[in-house]
Structures are given as structure tokens and as C-alpha cells.
Amino acid sequence: RWQCFAVKHGEALEALGQFSAAAQVYELAADAAVQDPALVGGMVFVPNSLGNLGLAHKRAGDTRQAEAAYQRALKTVDDPTFPPEAYRITRNRIAQLLAQLFRENDAAESTRWLHEIFRIPFTDMEP
């Protein structure tokens with residue numbers, strides 16, 4: 001499958017330190033996954049594609065594009081068709097990526113995302 005090839009290609013570019021080039025490859029893969037989730041094994045794996053994109057942007061030093069990719073991943077998780085059994089763990093993983101993204105440059109934003117990680121497990125609990 002070309003999707004698997006694209007991810008391997010992106011990983012190879014990252015290993016060579018070519019993070020911007022890897023981000024371009026991951027962007028193609030992520031856009032395709034959003035359009036057709038079956039390419040990556042279903043809707044539950046679409047945030048992974050967007051996470052790869054965000055991480056490559058982060059490594060390339062483009063915080064704004066990394067945040068945009070992570071925000072797209074959050075929108076995917078918040079879609080009503082996203083599998084509910086994967087909601088918490090996937091959303092927390094994305095929140096963790098966002099917290100790490102801001103850790104060095106924006107402590108308040110990092111803290112906000114860390115709080116989000118702890119908020120989600122308690123939303124379904126009885127008062």
C-alpha cells in the first residue's frame with residue numbers, strides 16, 4: 001500500500017534529518033487518510049497520520065504548522081463517527097503532544113493541555 005510506503009519514506013527522511021521534506025510526505029499521507037480512513041486501517045488511525053505530520057513539523061522548527069496538524073487530529077477525534085472506545089486514549093495522546101510542543105516556549109499553554117489530559121478521564125464519572 002502506498003500509505004505504508006509514504007510513512008516509511010517520511011521516517012527515512014527524518015532519520016536523515018530532513019524534517020521539512022518528511023513533513024511534506026506526511027502531509028500527503030495525512031490528507032489521504034482524512035479523505036479515506038480505510039487507507040490507514042480505519043478512522044481510529046487517522047490521528048496517527050496527523051500526529052506524524054505534527055511531529056515532523058515540530059522537528060523542523062515549525063511550531064505553528066505542528067499545532068495545526070495536532071488541532072486537525074483533535075477535530076478527527078471529536079468527530080461523532082470516531083470510535084468511542086478509542087476516544088480517551090487518542091485524545092489524551094494528542095493533548096500530550098500539544099503540551100510537549102508548548103513546553104519550551106509557552107508554559108501556560110503547555111499547562112492548559114496537561115490539564116486537558118486529566119480532565120477527560122473524569123468527564124463520565126458520577127458527581
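User: What is the handedness of the crossing of α2 and α3?

Analyst: The crossing of α2 and α3 is left-handed. Keep in mind that this is a predicted model.

User: Why are α2 and α3 called roughly antiparallel?

Analyst: The two helices pack at an angle of about 160 degrees. An angle over 145 counts as roughly antiparallel. α2 and α3 are therefore roughly antiparallel to each other. Their axes are 8 Å apart.

User: Which residues make the contact of α2 with α3?

Analyst: From α2 come Phe-19, Ala-22, Ala-23, Tyr-26, Glu-27, Ala-30, Ala-33 and Val-34. From α3 come Val-46, Ser-49, Leu-50, Asn-52, Leu-53, Ala-56, His-57 and Arg-59. By class, that is eleven nonpolar, three polar and two charged residues.

User: How do you know that α3 and α5 are roughly parallel?

Analyst: Helix α3 (residues 46–59) and α5 pack at about 5 degrees. Angles under 35 degrees count as roughly parallel. α3 and α5 are therefore roughly parallel to each other. Their axes lie 11 Å apart.

User: What makes up the contact of α3 with α5?

Analyst: α3 supplies Pro-47, Asn-48, Gly-51 and Lys-58. α5 supplies Thr-90, Arg-93, Ile-94, Gln-100 and Leu-101. The classes are three nonpolar, four polar and two charged.

User: Why is α4 called roughly antiparallel to α5?

Analyst: Helix α4 (residues 63–78) packs on helix α5 (residues 87–102) at an angle of about 165 degrees. The cut-off is over 145. That makes α4 roughly antiparallel to α5. The axes of α4 and α5 are 10 Å apart, and their crossing is left-handed.

User: Which residues of α4 and α5 meet?

Analyst: Among them are Ala-66, Tyr-70, Leu-74 and Val-77 in α4, and Ile-94, Leu-97, Leu-98 and Leu-101 in α5. The contact of α4 with α5 has eleven nonpolar, three polar and three charged residues.

User: What is Leu-101 in contact with, leaving aside its neighbours within four places in sequence?

Analyst: Leu-101 touches Lys-58, Thr-63, Ala-66, Glu-67 and Tyr-70. Contact here means heavy atoms within 4.5 Å.

User: Which residues touch the most other members of the largest nonpolar core?

Analyst: Leu-53, Tyr-70, Ile-94, Leu-98, Leu-101 and Trp-113 do. This core has 31 residues. Members must be buried, under 20% relative accessible area.

User: Which elements give two or more residues to this core?

Analyst: They are α1 (2–15), α2 (19–35), α3, α4, α5 and α6 (107–119). In soluble globular proteins, nonpolar side chains tend to be buried together.

Key
Residues are numbered from 1 along each chain as its sequence is written. This is a predicted model: local features need pLDDT of at least 70, side-chain atom pairs count only at pLDDT 80 or more; totals for chains, interfaces and linings use all residues. Side-chain values use heavy atoms; hydrogens and water are left out. Axes are lines fitted to C-alpha atoms, for helices over the stretch in contact, and angles run from 0 to 180 degrees between N-to-C directions. Helices (H or I, at least four residues) and strands (E, at least two) are DSSP runs, numbered from the N terminus. Angles under 35 degrees count as roughly parallel, over 145 as roughly antiparallel, 65 to 115 as roughly perpendicular and the rest as oblique. A crossing is left-handed if the near helix is turned anticlockwise from the far one by less than a right angle, and right-handed if clockwise. Ala, Val, Leu, Ile, Met, Phe, Trp, Tyr, Cys and Pro count as nonpolar, Asp, Glu, Lys and Arg as charged, and the others, Gly among them, as polar. A nonpolar core is a set of buried Ala, Val, Leu, Ile, Met, Phe, Trp, Tyr and Cys residues joined through side-chain atoms within 4.5 Å. Buried means under 20% relative accessible area, exposed over 50%, partly exposed in between (1.4 Å probe, protein chains only).
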